[in-house]
Amino acid sequence: MMKRMALCGVACVLFLPSALCAKQQAADLPALKQEAAAEVDKLQTFTQQMVDQIFSYSELGFQEFETSRYITGILEKNGFQVERGVAGVPTAWMATYGSGKPVIAFITDIDCIPRASQKPGVAYHDPILEGAPGHGEGHNSGMAVNVTAALVLKKMIEQHKITATIKLVPGVAEEILGTKAFYVRAGMFKDVDLVLGVHVSHDFGTSYSTGDGKWSGLVSVQYYFHGKAAHAAAAPWEGRSALDAVELMDTGWDYRREHLRPAQRSHRVIINGGDQPNVVPSEAAVWYYFRELDYSHIKDLYDLGNLMADSAAKMTGTTVDHKLVGSAWPPFLNKVIAEDQQKNIEAVGMPKWSDADQTLAKALQKEIGAKVEGLKEKIEPLKEPEKNPTGGGSDDIGDISWNVPMVYMMYPANIPNLPGHSWANGVAMATPIAHKGSTAGAKVQAMTALDFFLQPQLVQQAWDYFRNVQTKNVHYESFLSPSDKPAIEMNKEKMEKFAPELKKYYFDPAHYKTYLEQLHIQYPTVRQQ
Ligand SMILES: [Zn+2]
């Protein structure tokens, strides 16, 4: 098959008009997709090394310097053109290969979670480095999926003379919803026809429209109160407490919360509560996430938050300013791409889990008190979108999804029934569970891209849905004001504190086959009964 296709490539270039050539390629699509899946299989060791390497870097949002250096290095070595520091974000980049239409962009996150350090393959809390960040969401596997698929597609574009462009983009600082609205503002998707995003899951599936209804959009805002310092015992009347203002704002918000729509979700952490009790705090700060189901309701919450802050400042004789540090539209995913992708997911099927994989999964589920059911073995059919969305988590891919037709595939590289954003979600992420799940995901990425590369009418249909259904009555408006900038200084101190120690644990593929081997971890390690 490969030989025949290669010959077709030559014939197309030499003798045939390109429309005929594209027609021939579309006729060969099933074989090309099989070839792509076989090529992904050949790269299993490469995929595993990427999963392990990025797991070992464990970098927080906006500080993904090693991670980005590593991935862009691989892409450049393979002939991709890399533009670094895009949208004013030092760890962001865009890699491109090929030329002409369609242009398909792959996106996936690369940042990790604070305090989630965890030894892979160990079914109880056992950090690699106490207190350090770790991949307690599994974002270390996404680039292994996308880069593997992109390298396979690059080879096929060359061999079969396919006209298409592939782009790769990292989700920097996704955990703080920090970049994608800025990517959109910078015009990074202006000439992109489709975006295929991937995210780690225990499921293998995709969705369209508002999916299961468990998405919210949000704004992430920090309020900085400024008061006046004084001796807290000798002359408190001389002081004005910024911390008082934080506490009054929080109290006000909690009273008002009862009278907000049930769909709202809001939460906060006090990021500065003052220095010591005998000094009236002149500076204090609180960080809020305001979540709702759509732009106007999110905007209302944001306005209400600002009102609470201003009122608290008035009550306490302090002043306040606020800084938007993240934002996200609720994602809306494309039906045409999802229907095509679902077929590819079903064709690839769930990975074959070993007894060791299942033992790890069940032991971890037991350890954390979750339902003990091991790893998923079945693929669910594509569901109708939920008619009454309840809201839930957020992802800044939402902003991209309102600017270009997009899907967000979940690939099965983790264990079900985990709490999310914790050490437990890191346990599987540098084990065969993550390796096999990433290979399965890469196959679907490559196959879905081929479907759209070779059937231009499908690209058209995806845009018809985007224009005539999705954005018929809703038009994207960014939460960003022209003066908002990416919060690139975030996590700098935390990362600098841990980076020298973490370096000692970076995966070394020159000496070890896997990260489990390097850490001398018996797979799986479970509690003795
Ligand atoms: Zn995520």
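**A tour by selection**

Start at Tyr 515, which counts as buried at 1% relative accessibility. Buried means under 20% relative accessible area, exposed over 50%, and partly exposed in between, with a 1.4 Å probe and protein chains only. This is a predicted model, where local features need pLDDT of at least 70 and side-chain atom pairs count only at pLDDT 80 or more, while totals for chains, interfaces and linings use all residues. Residues are numbered from 1 along each chain as its sequence is written, and side-chain values use heavy atoms, with hydrogens and water left out.

**Aromatic pairs**

The structure holds 18 aromatic pairs. Rings of Phe, Tyr and Trp (its six-membered ring) pair if their centres lie within 6.5 Å; planes under 30 degrees apart count as stacked, over 60 as edge-to-face and the rest as tilted.

Phe 55 and Tyr 515 pair edge-to-face, at 5.9 Å centre to centre and 65° between the planes. Phe 55 sits in helix H4 (residues 44-57) and Tyr 515 in helix H16 (residues 515-518), so the pair links parts of the chain 460 residues apart. Helices here are DSSP runs (H or I, at least four residues) and strands likewise (E, at least two), numbered from the N terminus. Phe 55 is buried, at 3% relative accessible area.

Next, select Trp 329 and Tyr 476. This pair is tilted: 5.2 Å centre to centre, 45° between the planes. Trp 329 lies in the loop between strand S9 (319-328) and helix H10 (335-348), and Tyr 476 in the loop between helix H14 (456-470) and helix H15 (492-503), so the pair ties together parts 147 residues apart in sequence. Trp 329 is buried, at 3%; Tyr 476 is partly exposed, at 21%.

Ring pairs join Trp 329 and Tyr 476 with Tyr 295, Phe 332, Trp 402, Tyr 465 and Phe 479 in a cluster.

**The zinc ion**

Move to the metal. Glu 137 (OE), His 139 (NE2) and His 199 (NE2) are the protein donors of the zinc ion, lying 2.0 Å from it. Donors are N, O and S atoms within 2.8 Å of the metal (3.2 Å for Na, K and Ca); water is not among the atoms, so sites may look incomplete. The donor spacing in sequence is E-x1-H-x59-H. Glu 137 and His 139 are both buried.

**Phe 453**

Finish at Phe 453. Leaving aside neighbours within four places in sequence, Phe 453 is in contact (heavy atoms within 4.5 Å) with residues including Pro 102, Ile 104, Leu 153 and Ile 157.
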